[in-house]
Amino acid sequence: MQPRIPRQQARELHEQGIHRAENDVRLGAELAAVVAGARRRAVRDGDRQIDTAHLLHSLLESDAEVRAVFGEGPRIARLLGYLVQRSIGYGLRWQGAVEDSGGVPVVTEAAGLSPLAAGCMEYAHERAARHGRGPACGTDLLAAIVADPRARAVEVLERAGIDPRELFVRLEAPSGR
């Protein structure tokens, strides 16, 4: 069975003028790997675009600093459980729908990202710059993801019993990265 989203080589995408988010020069290797992981998850799940829940799942899998924000124990296990369930039932209502809160402008350069996920990437870059850092890191993207209450990742966090507003405040505190 062929995946719904045909895989294309980077050269073909470049020839077609499509910009892949993980090739963004503003991303460090860490976030480029997160976006690539989210893209693989979206393709495997049969989703048309990478959304904020894909990004959150990929962050949790690959970034120890992001995992540390959630702490150990049942909270993170419950959160990962909800994220895994998205492909087997929980998130099926999202398939075929574009994640867009209407609160951020549509960014067309980030092919394959939902409008909200593309806005989160921009926010992460801006946050890193505001904090005087180079490329955005995982906690920059996490702060961006939880900033919009209509993000799919926020819905997953709430269902897992994690308050995204409290998480955002903690990430924005002077000691937060």
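**The whole chain**

Begin with the entire protein chain, coloured by secondary structure. It contains 9 helices and 0 strands, and from the N terminus on the elements run α-α-α-α-α-α-α-α-α. Of the 177 residues in the chain, 46% are buried. The accessible surface comes to about 9,000 Å², and carbon and sulfur atoms contribute 53% of that area. Among the contacts with a separation of 6 or more, 62% link residues 24 or more positions apart.

**Colouring by confidence**

Next, colour the chain by pLDDT. The mean for the chain is 78, and 69% of the residues reach 70 or more. Which helix has the lowest confidence, and which the highest? Helix α1 (residues 10-15) is lowest, at a mean of 39, whereas helix α7 (residues 138-147) is highest, at 96.

Select residues 1-19, where pLDDT stays under 50; the model has 17 contacts beyond four places in sequence for this stretch. Then select residues 102-110, where the pLDDT is also below 50; here the model has 11 contacts beyond near neighbours in sequence. Where pLDDT is low, the predicted coordinates should not be read in detail.

**Helix α3**

Move to helix α3 and show its side chains. Buried residues account for 9 of its 11, so the helix is largely enclosed by the rest of the structure. The buried residues are Thr52, Ala53, His54, Leu55, Leu56, His57, Ser58, Leu59 and Leu60.

**Helix α5**

Now select helix α5 (residues 74-85). A distance drawn between its end C-alpha atoms reads 16 Å, which agrees with the 16 Å that its 12 residues should span at 1.5 Å a residue. Within α5, show Ile76, Leu79 and Leu83, which are buried. Turn the view so as to look down the helix axis: the buried residues fall within an arc of 60°, so they line one face of the helix. An α-helix has 3.6 residues a turn, so residues three or four places apart point the same way. The cover over the buried residues of α5 includes α3 (52-62), α4 (64-70) and α8 (152-159).

**Salt bridges**

Display the charged side chains next. The model has 10 salt bridges in total.

Select Glu172 and Arg127, whose side chains form a salt bridge with an N to O distance of 2.7 Å. Glu172 lies in helix α9 (residues 164-172) and Arg127 in helix α6 (residues 115-130), so the pair ties together parts that are 45 residues apart in sequence. Are these two partners buried or exposed? Glu172 is partly exposed, with a relative accessible area of 28%, while Arg127 is buried, at 0%.

Continue to Asp140 and Arg133, which meet in a salt bridge of 2.2 Å, N to O. Asp140 counts as buried, at 0% relative accessibility.

A further pair to select is Asp163 and Arg165, in which the closest N and O atoms of the salt bridge are 3.5 Å apart. Asp163 is partly exposed, with a relative accessible area of 34%, and Arg165 counts as exposed, at 56% relative accessibility.

Finally, display Arg127, Arg133, Asp140 and Glu172 together: salt bridges that share partners join these residues into one network.

**Two pairs across the chain**

Two C-alpha distances complete the tour. Select Thr139, which is in helix α7 and counts as buried, at 3% relative accessibility.

Then select Gly37 in helix α2. Gly37 is buried, with a relative accessible area of 14%.

Terms used: Residues numbered from 1 in each chain as written. Predicted model: local features only at pLDDT ≥ 70, side-chain atom pairs only at ≥ 80, totals over all residues. Heavy atoms only, no water. pLDDT = per-residue confidence, 0-100. Helix = DSSP H or I, 4+ residues; strand = E, 2+ residues; numbered from the N terminus. Contact = heavy atoms within 4.5 Å. Buried < 20%, exposed > 50% of the residue type's maximum accessible area, 1.4 Å probe, protein only. Areas by Shrake-Rupley, 256 points an atom, 1.4 Å probe, with all protein chains shown as cover. Expected span 1.5 Å × (residues − 1). Arc of directions from axis to C-beta. Salt bridge = Lys/Arg side-chain N within 4 Å of Asp/Glu carboxyl O.
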